[in-house]
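I opened the notebook today to look at a ligand and the protein around it. Here is what I looked up, in the order I went.

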Amino acid sequence: MKRREFLQHSILAGTAMATMPVACSCKMDAEFLILGAGLSGLYMAYLLQQAGKDYMILEGSDRIGGRMYYHPKIKQDVGGRGIGDKYKEVMSLVKALDVPLIDITQFTSSPKSYYTNGELRATWEDRSTDPSLLQYTAPQPAPQLSSLNEWYQKADLDQSYAEQLRAMGRTDQEIELINISANYNDVHETSAINALHSSAFRKFNGSKTIYNFEGGTKTFIDALAASLTGPVKTSKFITHITNKEDCATVKCADGTSYCAPHVISTMPFSTLRDVACDIPFSQSQKQAIHQLGYTNITQIHLTAAEPYWEEDGLGASMWTDTPLERIMTMGFGDDNMNLVCWVNGKGTEYIDQMSESELEAYTLKTLHKIRPAAEGKITYTGSHSWGQYKYNKGAYAEFSVGQPALFQDMIRPAGNVYFAGEHTAKESRGIEAAAESARQVLDLFKKENIIES
Ligand SMILES: Cc1cc2nc3c(=O)[nH]c(=O)nc-3n(C[C@H](O)[C@H](O)[C@H](O)COP(=O)(O)OP(=O)(O)OC[C@H]3O[C@@H](n4cnc5c(N)ncnc54)[C@H](O)[C@@H]3O)c2cc1C
C-alpha cells in the first residue's frame, strides 16, 4: 500500500491507527490551536495570553460558552451555572474580570415535595431512603482519600452504583426509584466512583456559598471572551486531526484547515470520537475516546403565572417517578417563577422522541395531573436536549464500571495533541473542572519547557 493510501485508510478508521508522523510543511496559524470555545478552551486561551503566547480558537458551533449556555429563546441558562466560593480557578477569574455574582445559597435548599406511586407528599419521612439524597452517596464507611485526585485510583470501589447502594442496605425497589431521577444514565452501569468523586469534591472543596452569574452565564463568558486578543473562530466544526512530526493539522467541515506546533482539544470525547484522528493514541486513550459515558440530560423549561405552591402549601421543587423526573425552581428572590423539568439518562429517550408541540402538551398534562394546583398556571417556554445536541452529545462525563482505570492514560498528550475539558480534570467537577483542566495543560507545557515557568 502506498503511503498516501495508508494515511487515508487510517483516517477513515477514525482513531484506529496512528501512522509514523510526517514532517510539517504547512504554514503555522498560531503557536497553539485550541479546539472548542467552552470554558476550558476560553480559559486555556486566557492562560496562554497571560504567558505571552500566540493562540487561535476553533469552535464548531456558531456561539461560544459550550455547556455554559444562556439559551436565547428560553432566556435561561440550560447548562452549568452554579459555582462555589471554593472554585479556585473560576473564582480568581471572576475576580480578575470583575464579573457580578448573586449569592443563591439560601435558595439551594428550598423545600421540595415528592410524587411517587401516584401520591403527592410534602416530605420523605425516612432520610435514609430519600431518593433525592441517595444519588451522590459515597460508600460507607467513607474511603479515606488523603487528596482529591485519588478518586480514580480506587479500583476496589469500581462497582456499579446500584451494587454500592445494595451493599448499603437499599432494596431493589428503592434502587429502581433512585434510578428514575438520579443524575446518571443508569445506576446499574455507572461506576460508584462517580459518586465518590462528587462527594469527595464536596468534602475537599467545601464551598459554603453558592453563586450564579448576574444576568446568566453569558455575562461571565462574554467578559472572558472580551479579555482575549487572539482570534476565536466560530462555525469551525472539526472533522480531522492529524499529528505530524513537529505540528498537528486540523480540518473543518467548511473545507478550511489549520496548523500549529501544539493543539489542545477541549472537545468532549462524545464528539471527539466522531473526528477522524491520525494521532498516536495509547490503547486506553482509544478505548476512553470511543466509550466514555456521557450523562444524557433534557431540560424542559416552564414559567408559572402564579406561585401555585403557595396554594397547596407543598415545596415548589419535586422529585417524581414520572417521565418528567425532577421539577426544580430556576429562579430566586423576586424571580422565582421559572421552573425546569430535569430528565436524566435513559428517561431522555422517551422525551426526546417527541416533537416540540407534543412535549409541551405532554409536560403540561402530566404536571396538572401530579400537581393539581398548577392547572392553568404554567406556560411552556422551550426545551434543550444535551444528548441530542450535536456539539456535546451528553451533559458531562460519567464513568461506567471499568472506565475509571482509563482516566490517567486518557488525559495524556498524544504526539503534539493535548487534552483539556471537564472530563480531563484530576480534581474538580463541573465548571471548576473545565477551568482546572486548562491550568493542568498549562502546567504540563511548563514542565515540558514548551512555555517558560
Ligand atoms: C445541564 C447541565 C448543568 C450543569 N450544572 C452545573 C453547575 O451548576 N455547576 C457546575 O459547576 N457545573 C455544571 N455543569 C457542568 C459544566 O457546565 C461543564 O463541566 C463545563 O461547562 C464544561 O466546559 P468544557 O469547556 O469542558 O466543555 P464545553 O463547554 O462543552 O466546551 C467544548 C466545546 O467544544 C465544542 N465542540 C465539540 N465538538 C466540536 C467539533 N467537532 N468541532 C469544533 N468544536 C467542537 C463545543 O461546541 C463546545 O463549545 C452542568 C452541565 C450541564 C450540561
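Before sorting the shell by class, I noted the scheme: Ala, Val, Leu, Ile, Met, Phe, Trp, Tyr, Cys and Pro count as nonpolar, Asp, Glu, Lys and Arg as charged, and the others, Gly among them, as polar. With that scheme, I read off 16 nonpolar, 15 polar and 5 charged residues in the shell around the ligand. I keep in mind that this is a predicted model.

Entry on the neighbours. I asked which of the 36 residues around the ligand come nearest. They are Ser40, Glu59, Arg67, Asn392 and Glu422.

I found an N or O atom in the side chain of Asn392 at 2.8 Å from an oxygen atom of the ligand. Tyr87 also places a polar side-chain atom 2.8 Å from a ligand oxygen. For Gly82 it is a backbone N or O atom, 2.8 Å from a nitrogen atom of the ligand. I then checked the cover: on its own the ligand has 1000 Å² of accessible area, and the protein covers 94% of this.

Entry on helices. I saw that H2 (39-50) and H14 (430-447) each supply at least two residues of the shell. H14 gives the most, with 3 residues.

Entry on the core. I turned to the largest nonpolar core, which has 82 residues. Leu48, Phe220, Ile241, Ile264 and Phe445 touch the most other members. Here H2 gives the most, with 8 residues. I also noted that domain 1 (3-67 + 214-292 + 406-447) and domain 2 (131-205) each contribute at least three residues to this core.

Note on methods:
Residues are numbered from 1 along each chain as its sequence is written. This is a predicted model: local features need pLDDT of at least 70, side-chain atom pairs count only at pLDDT 80 or more; totals for chains, interfaces and linings use all residues. Side-chain values use heavy atoms; hydrogens and water are left out. A residue is near a molecule or strand if one of its heavy atoms lies within 4 Å of it. A polar contact is a pair of N or O atoms within 3.5 Å; within protein, one must be able to donate a hydrogen and the other to accept it, and residues adjacent in sequence count only if both atoms are side-chain atoms. Accessible areas come from the Shrake-Rupley method with a 1.4 Å probe; for residues, only the protein chains shown count as cover. Helices (H or I, at least four residues) and strands (E, at least two) are DSSP runs, numbered from the N terminus. A nonpolar core is a set of buried Ala, Val, Leu, Ile, Met, Phe, Trp, Tyr and Cys residues joined through side-chain atoms within 4.5 Å. Buried means under 20% relative accessible area, exposed over 50%, partly exposed in between (1.4 Å probe, protein chains only). Domain bounds come from an automatic or database domain assignment.
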